[in-house]
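I opened the coordinates and kept notes as I went. The entries follow the order in which I looked things up.

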Amino acid sequence: MTRGGGRRGALMARATAVPDSGLTGSVDIPDPAPENEPKDLRSRLKRVRRSVGGLLKGLPRVVKLAWDAGRWPTLWLVFATIVGGLTPTATAYISKLLIDSVTGAIRVHAEHLPDQVRLGPFELTTVQALIAVAVLQLLVYVLNALMTAASTISQQLLSDRVSQTIRLRVMAHASRLDLSFFEGSASYDLIRQAQDEAPSRPVAMLTSVFSLIRTGITFVSMIALLLSISPLLALLAVLSPIPAFIADSRYGARSYRFAVWTSPIRRRMDYLSTLVTTDTYAKEVKLFGLGDYLVDRFRRISAVYFGRQRKLVTDRNLRGTAWGLVTTITGSLTYLYIALEAVNGRLTVGDLLLYTQASNSVQQSVSQLFSGFTGMYENNLYLDNLYKLLATEPEVVAPAKPRPLPSPVLGHVVFEDVTFSYPGTDSVALGGVSFEIRPGQTTAVVGRNGAGKSTLFKLLCRLYDPDSGRILLDGIDIREFDPDELRRHISAMFQDYVTYQASASENIGVGDIDHVTDGPLIERSAEAGGADELIAGLSRGMATPLGRWFNEGANLSGGEWQKIALSRAFMRDSPLLILDEPTSALDAQAEYDLFARLRNLSHGRTTLYISHRFSTVRQADRILLLEHGSLAEYGTHDELMAADQGYAHLFRLQASAYLDVPEEKV
C-alpha cells in the first residue's frame with residue numbers, strides 16, 4: 001500500500017471510533033488530528049508528485065469503466081469533446097472577421113473606395129464578405145449546438161450505465177465477502193462510502209477528463225493567438241489563476257478528510273432517522289416516548305455536523321474568491337493593454353475583440369484546467385474507497401483444488417479441539433471444543449447466553465474458519481471443500497433470520513433459490529414449518545406481500561415470521577439441518593407441534609438446534625452443553641441428569657418454575 005493509502009486507512013480506522021455521538025453523550029465532533037508532515041518545499045513537491053501519480057493511476061480505471069459501460073457513447077463523447085474544444089477559438093476568430101468586415105464595409109462606403117475585399121483565397125464585395133462570414137458563423141454555432149447535444153446525451157447515457165455498473169460490481173463483490181467483513185464498523189463505513197459516493201464519482205471524474213481535454217484544446221489554440229501579440233501577456237494569463245488553484249486543491253483534500261472523518265456521524269444520523277421513521281421500531285418509540293428525544297438528538301448532531309461543513313465550505317469559497325481576484329486584476333490589465341494597442345492603430349477593432357476574448361479564454365481555460373485537476377484529485381480520493389472495497393478479498397475461500405463432497409453426504413460431524421476468536425477481539429468464543437455427531441442424530445445445543453452456541457453453528461456452516469483444530473464432515477476437513485458447495489448441503493434458520501419484504505411464496509422459496517418458483521415444494525415446506533394455516537388466512541395466500549414496504553403488504557407478528565423462516569429452512573432436502581432457537585417466538589402449541597413433527601422432518605438428516613426450553617431439549621438424541629466457550633457436558637438427557645452437573649441444574653431450575661416446587665425436589 002502507498003504511504004498516501006496508509007494515511008487514508010489510518011484516518012478511516014480512527015474515524016470509526018469517534019466517541020460520544022450516539023443516543024447519549026456529547027454531540028460534538030472532535031476535529032481530526034493534524035497531519036505531522038514536513039512543510040519544506042521538497043516535501044511539498046514530493047506530496048504533489050504522489051498526488052499526481054495517484055491521479056494518473058486512477059484515470060485508466062475510470063476510462064475503462066466508461067468503455068466497458070458503453071463504447072459508442074464514449075466514442076461520441078470523445079469526438080464531441082475535440083470539436084467542442086476547437087469551437088471557442090473558431091467562434092472568436094469568426095467574430096473578428098465579422099467585425100473587420102463591418103468596419104471595412106463602413107470605410108469603403110464612407111471613403112468611396114473600391115468595393116472589393118479578400119476573404120481567404122476569394123475576392124468578394126463587402127456585402128458578399130459579410131454574408132459569407134455570417135454563414136460561416138452560423139455553421140459554427142450549429143456545429144457547436146450539435147456537439148453540445150451529443151456530449152450531453154453521451155454523458156447522460158454513460159452516467160446511468162457507469163452508476164449501474166458500479167452498483168452491480170459492489171453488490172457482486174459484497175456477496176463474496178466473509179461474514180466477518182460485515183460485522184465490523186469500519187466495513188460499514190467503507191460500504192457506505194462506496195455505495196453513496198462511488199456511483200457518482202467515476203462519472204464526475206470521467207466528465208472532468210473530457211472537460212480537461214476540451215479545455216486543453218481551447219487553451220492551446222487561444223494561447224497561440226495571444227503569443228502573436230505579446231509573450232508576456234500569454235505568460236500572465238497562464239500564471240494568474242495558479243494561486244486560486246493551490247488554495248482550492250488544499251481544500252479538496254480537506255473535504256475528503258472531513259467526509260471520511262464524519263462518516264460514523266452521518267451513519268448515526270441515518271440510524272436516528274431510521275428509529276423514528278421505520279415500523280420495526282415504532283412501538284417502542286411510541287411507548288417509551290422516544291420520538292421527541294431522538295428528533296432532538298438528530299437535530300443537535302446534525303447542527304454540529306453542518307456547522308463544521310459550513311465552516312469548511314465558507315473558508316474554501318472565500319479564500320478561492322480572494323485568490324481569484326488576482327486573475328481578475330490580471331485580466332483587466334490585459335484588456336487595457338490591448339485597448340491601447342488598438343487606439344494606437346497597431347490592432348484593428350476585430351483584433352481588439354479577438355485578443356480580448358483570447359486573453360479571457362486563456363485565463364478561464366487555465367482556471368478550468370486547474371479546477372478540473374482539483375476535482376479529479378478529490379474524486380479519485382473517493383474512488384480509492386471503491387477500489388479498496390473491491391480489493392478486499394474473502395478469507396474463507398475454496399482451496400486451489402477443492403475436494404468433491406462425498407456422494408451421498410451422510411452428515412457425520414466431528415469437532416476436533418476447535419478454538420475460535422472473533423476478529424478484532426481478545427476473548428475466546430470457543431476453546432478446545434471436541435465432540436462427535438453420528439449421521440442422522442438430532443443434537444440439542446444448550447448453554448447460557450454468550451456461551452458460543454451460535455458461533456458453533458457459524459463454524460459448521462464455514463462462515464468462519466477456526467483458529468485451530470478441525471471440523472470434519474464424513475471424515476474430511478470442511479476446509480478442503482468449496483465453501484459454496486458445502487453450504488448447498490446445509491439448511492439453516494438463524495436466530496436473526498431475515499424478514500424479506502416479498503411475497504409469502506418468495507419468502508419461503510429463497511431457501512432453495514433453484515426452486516424459488518416451485519409451488520408444490522414451497523407448499524410442502526410451509527406445512528413442515530407450520531406456516532400453512534397462516535398463509536391460507538392471508539388475503540392472497542402465497543402471493544400476499546409480507547411486510548409494509550410494498551402495497552397490500554401483510555404485517556406479521558414475531559411468531560408468524562418465525563414460522564415463515566422455519567418453512568424456508570425446510571426448502572432444501574439437505575443432509576445437515578441447523579436451527580438456531582427455532583421456537584423462541586412461537587406459542588406453546590406451535591412449539592409442541594413443531595417438535596412433534598421434527599423427528600419425522602429430520603429423519604435421515606443430522607440435525608442441530610439451539611433451544612432454551614428443556615422440555616424440547618430432552619427429546620434430542622444427544623445434548624451438548626457449552627459454558628464460556630468450552631464443552632462442559634455431552635450425552636443423552638438421562639446420562640446428563642444422572643451426572644447431576646450443569647445440565648441437570650439448569651433442567652431442574654426451569655422445571656421447578658413450572659411445578660412451583662424447590663429445585664432440589666425436582
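**Entry 1: Ser567 and its helix**

I started at Ser567, which sits in helix H19. The model is a predicted one, and I read everything below with that in mind.

Is Ser567 buried or exposed? I found a relative accessible area of 0% for Ser567. The cut-off for buried is under 20%, so Ser567 counts as buried.

Next I listed what Ser567 touches, leaving aside neighbours within four places in sequence. The contacts are Ile508, Ser525, Ala526, Gly529, Gly530 and Ala531.

I then took H19 as a whole. H19 is mostly covered, with nine of its twelve residues buried. Those are Gly559, Trp561, Gln562, Ile564, Ala565, Leu566, Ser567, Arg568 and Ala569. I checked what the buried residues of H19 pack against. The partners are strands S8 and S9, together with helix H16 (504-509), H17, helix H18 (532-536) and H20.

I also checked the length of H19. From first C-alpha to last, H19 reaches 17 Å, close to the 16 Å expected at 1.5 Å a residue.

**Entry 2: helix H20**

H20 was among the partners of H19, and I went there next. Helix H20 covers residues 588-601. At 1.5 Å a residue, its 14 residues should span 20 Å. The end C-alpha atoms of H20 are 19 Å apart, which agrees.

Which residues of H20 are buried? I noted Ala590, Glu591, Leu594, Phe595 and Leu598. They cover an arc of only 130° around the axis, so they lie on the same side of H20. The background is helix geometry: an α-helix has 3.6 residues a turn, so residues three or four places apart point the same way.

On the other side of H20, I found Gln589, Tyr592 and Asn600 exposed.

What covers the buried residues of H20? The cover includes helix H17 (519-529), helix H19 (558-569) and helix H21 (614-617). Strand S9 (576-580) and strand S10 (606-610) are also included.

S8 and S9 had come up as partners of H19, and I traced their sheet. Six strands form an open sheet with mixed pairing, in the order S8-S9-S10-S5-S11-S12. Strand S8 (490-493) and strand S12 (630-635) are the edge strands, each pairing on one side only. From one strand to the next, the twist averages 15°.

I looked at one pairing inside this sheet. Strand S5 (residues 442-447) and strand S11 (residues 622-627) run parallel and are joined by five bridges. Opposite Thr443 stands Arg622 in S11.

Which helices pack on the sheet? Helix H14 (residues 453-460) does, touching S5, S8, S9, S10 and S11. The direction of H14 makes about 150° with that of S10. H19 packs on the sheet as well, touching S8 and S9. The direction of H19 makes about 175° with that of S8.

**Entry 3: strand S3 and its partners**

I then moved to strand S3 (residues 413-420). Five bridges join S3 to strand S4 (residues 430-437), and the two run antiparallel. Val413 has Ile437 in S4 as its bridge partner.

S3 is also joined to strand S6 (residues 468-473) by five bridges, again running antiparallel. There I noted Phe415, whose bridge partner in S6 is Ile471.

**Entry 4: the annotated spans**

I turned to the UniProt record, an unreviewed entry. Its annotation "transmembrane region" covers residues 74-94 and 127-147.

How far apart are the ends of residues 74-94? The end C-alpha atoms lie 30 Å apart, and the span is 100% helix and 0% strand. For residues 127-147, I got 100% helix and 0% strand, with end C-alpha atoms 30 Å apart.

Thr81 is in helix H3 (residues 71-111). Thr81 has a relative accessible area of 1% and is buried. Not counting residues up to four places away in sequence, Thr81 touches Phe210, Ile213, Arg214 and Ile217.

**Entry 5: chain totals**

I closed with the overall counts. The chain has 23 helices and twelve strands. Of its 666 residues, 44% are buried. Among contacts with a separation of 6 or more, 74% are between residues 24 or more positions apart.

Notes: Residues numbered from 1 in each chain as written. Predicted model: local features only at pLDDT ≥ 70, side-chain atom pairs only at ≥ 80, totals over all residues. Heavy atoms only, no water. Helix = DSSP H or I, 4+ residues; strand = E, 2+ residues; numbered from the N terminus. Expected span 1.5 Å × (residues − 1). Buried < 20%, exposed > 50% of the residue type's maximum accessible area, 1.4 Å probe, protein only. Arc of directions from axis to C-beta. Contact = heavy atoms within 4.5 Å. Pairing = 2+ DSSP bridges. Axes fitted to C-alpha atoms, helices over the stretch in contact; angles between N-to-C directions. UniProt positions renumbered as here; feature names shortened; annotations may be inferred.
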